[in-house]
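I want to look up a few strands, helices and charged pairs and jot down what turns up.

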Amino acid sequence: MSVQNGFLALLTQGAAYGSQLQSEFLCRAAHRRQLNPGQVYSTLDRMTDQGLVASAGATDDGLPLYELTPAGREAAAVWLRSGPSDARPDWDEMQDQVLIAASLDGADALAIVDDYRAAFAEKIRYLSHEADSRALLAANRAAELGAKAAIEWLDEVAATLRAHPGALVQPRSPERPRRGRRPAAETTETVPPVGQEASATD
């Protein structure tokens, strides 16, 4: 869900098209090496079906634009001010959410950091009481080390944000990618019936 939520957050900057969202997401969530174009457009289709985004026309060269609906704007606002509400935080989702929020003016990245830190601390407390066998001890130890690494990273991010407010904020790139999915009507080629060729001029 972090890709969907990330797109909602990025659309708070204004309408955008698919490959533009892909580029902005990867630029801000630098830990991600790639984001599959198929995932980008399936996510946008799902967001449209859920009533979170709607058509906002098209670019000058015909790429469909998406914008937030009121429901999408509300969902984006929630994601940009709070982290997980349970003790099962995910490392990749944490990085996506913290880094994208920190890159957007008006988001509360420090509140998100605090929520994730509390969630990982709770996870460590839970793991320390669940080691009742050698195999479980080994698995829990690995998870505990991962949680401690997450907290260390969160503390570094928090220190940067407190010492340099706005240091990670990025405006939308003016170098917009030109590639993108075109409307179906524009991608369908007209093929003449079999056996019928264009007539030559005498």
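First, the accessibility terms: I call a residue buried under 20% relative accessible area, exposed over 50%, and partly exposed in between (1.4 Å probe, protein chains only). This is a predicted model, so I keep in mind that local features need pLDDT of at least 70, that side-chain atom pairs count only at pLDDT 80 or more, and that totals for chains, interfaces and linings use all residues. Residues are numbered from 1 along each chain as its sequence is written, and side-chain values use heavy atoms, with hydrogens and water left out.

**Entry: the hairpin**

I started with the strands (helices, H or I, of at least four residues and strands, E, of at least two are DSSP runs, numbered from the N terminus). Strand S1 covers residues 53-58 and strand S2 covers residues 64-68; they run antiparallel, with four bridges joining them. For the record, two strands pair if DSSP finds at least two bridges between them. I looked up one partner: Ser-55 has its bridge to Tyr-66 in S2. The two strands make a hairpin with five residues between them. In that turn I noted Gly-62, whose phi is positive, about 90°.

**Entry: salt bridges**

How many salt bridges does a search of the whole structure find? I get seven, taking a salt bridge as a side-chain nitrogen of Lys or Arg within 4 Å of a carboxyl oxygen of Asp or Glu.

**Entry: a trio in H7**

Next I moved to helix H7 (residues 134-163), where Glu-144 and Arg-141 are about one helical turn from each other because they are three residues apart. Their side chains meet in a salt bridge at 3.8 Å, N to O. Is Glu-144 buried or exposed? It is buried, because its relative accessible area is 16%. Arg-141 has 41%, so I put it down as partly exposed.

Glu-144 has another partner, Lys-148, with the closest N and O atoms 3.2 Å apart. Lys-148 and Glu-144 are four residues apart in H7, about one turn of the helix. Lys-148 is partly exposed, at 40% relative accessibility. Through shared partners, the salt bridges join Arg-141, Glu-144 and Lys-148 into one network.
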